[in-house]
Amino acid sequence: MSTLGDGTRAVRAGLPAPEQFEPTLPGPVFAAHFHLSGEPVGPYTYGRETNPTWTHLEEAVGELEAPGVQVSTTVFASGMAAITAVLLSQVRTGDAVVLPDDGYQALPLVREQLAAYGVEVRTAPTGGDAQADLLEGAKLLWIESPSNPGLDVCDIRRLVSAAHAAGALVAVDNTLATPIGQRPLELGADFSVASDTKGMTGHGDILLGHVSCRDPRLTDDVRRWRKVVGAIPGPMEAWLAHRSLATLALRIDRQCATALAVAEALALRPEVTGLRYPGLSTDPSYATAERQMRRFGSVVSFELADREKAESFLSALRLVDDATSFGGVRSTAERRGRWGGDAVAEGFIRFSVGAEDPEDLLADIGQALDAAHR
């Protein structure tokens, strides 16, 4: 399937061989246990370890992560379950890990937990490949590119090369890009990780995460961790996720095209500062993003003068929900500083572009900015 287009692959990925009178995508398998006589071997033994619905989804995600290449994917109950599975299955007391200091809001909680386990945590910004300076003696490098919510981009190939030369494994949080926007395993990473709650499933109704690896030994580590902590997705969630993948390319293409139009329109507004979108030709990360990304994502970030202006803007929007998360078919936006965990200005807005008609969304943003600055 390596020569197929992204849309074709997304529609067909992970489907079982056709069987007369059976659905093309089998329904969810609800089972805590399976018939199992004799020795406990086989693909399905107990519901915390394996499930046929997971298998179809994991195969589908693997085909999107690295078309034509043998990879293994493990699905989890959430993106954070996937993130912690990689970190805590690989590092031990006395190890050092390198994390971004401008990444997802929950990473500070991860840093605290790692430190409590006696792991040395080093941090540096995503931009400028600053993490490369901290790799000596590290066990694992964690990359988030584009970063959330600041949308900085680093040179993944360069960092992977530096990390491997230093003896470190590399994990890339690919949530913002999705596998059809960027393929970390093809860029040399050991782990591609994502919260599939976001763009992968795209409807804001599922919590899910995944980890994809080329090395079977790393997959074994991750799957053992899932088994030990029980961070498993429900079969219904896994089935809904697989169903949602069929529209992945359609959704992302529409969202990315509109996100660029939104960024271009915002660039013309004098009240907007700090505008970031990796696909914007004037963005500081554009040159790097263009080399390694195939699509630039659905999220645009920018600043308004202060908290009051940001909240007035959000209140005036008619087609955009004031909600956290991103990547869904319905546009959302929020004043990110309300959570208190990101190093952002009080007027910082994270805007997730949905699948609405671009003209309608641009008009709504325009009138909301006008209303906020009267």
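Which side chain does a polar contact of 2.8 Å join to that of Thr126? The partner is Asp102. A polar contact is a pair of N or O atoms within 3.5 Å; within protein, one must be able to donate a hydrogen and the other to accept it, and residues adjacent in sequence count only if both atoms are side-chain atoms.

This is a predicted model, in which local features need pLDDT of at least 70, side-chain atom pairs count only at pLDDT 80 or more, and totals for chains, interfaces and linings use all residues. Residues are numbered from 1 along each chain as its sequence is written, and side-chain values use heavy atoms, with hydrogens and water left out.

**Around Thr126**

Thr126 sits in the loop between strand 3 (120–124) and strand 4 (140–144). Helices (H or I, at least four residues) and strands (E, at least two) are DSSP runs, numbered from the N terminus. Thr126 is buried, because its relative accessible area is 1%. Buried means under 20% relative accessible area, exposed over 50%, and partly exposed in between (1.4 Å probe, protein chains only). Leaving out residues up to four places away in sequence, Thr126 touches Pro100, Asp102, Glu144, Ser147, Asp152, Val153 and Cys154. Contact here means heavy atoms within 4.5 Å.

Most residues other than glycine have a negative phi, and most peptide bonds are trans. Asp129 has a positive phi of about 55°. Asp129 lies in the loop between strand 3 and strand 4, and is buried at 11% relative accessibility. Phe21 also has a positive phi, near 70°. Phe21 is in the loop between helix 1 (6–12) and helix 2, and at 78% relative accessibility it is exposed.

Two peptide bonds are cis. One runs from Ser145 to Pro146, with omega near -5°. Another runs from Asn148 to Pro149, with omega near 15°. Pro146 is in the loop between strand 4 and helix 5 (156–165), and Pro149 is in the loop between strand 4 and helix 5.

**Aromatic pairs**

The whole structure holds 3 aromatic pairs. Rings of Phe, Tyr and Trp (its six-membered ring) pair if their centres lie within 6.5 Å; planes under 30 degrees apart count as stacked, over 60 as edge-to-face and the rest as tilted. The table shows two of the pairs.

| Pair | Type | Centre to centre | Angle between planes |
|---|---|---|---|
| Tyr286 and Phe296 | tilted | 6.2 Å | 35° |
| Phe302 and Phe313 | edge-to-face | 5.9 Å | 75° |

Phe302 is in strand 9 and Phe313 in helix 10 (residues 307–316), 11 residues apart. Phe302 is buried, at 0% relative accessible area. Phe313 is buried too, at 0%. Tyr286 is partly exposed, at 22% relative accessibility.

**The largest pocket**

A pocket is found on a 1 Å grid over the protein atoms alone: a 1.4 Å probe fits at its points, and it is an open set with protein on both sides within 12 Å along at least five of seven lines; lining residues have an atom within 4 Å of a point. The largest pocket has a volume of about 450 Å³. Its lining has 22 residues, with Thr55, Glu58, Ser72, Thr73 and Arg223 nearest the centre. Helix 2 gives the largest share, 6 residues.

Methods. Points joined across faces, edges and corners; volume = space filled by probe spheres on them.
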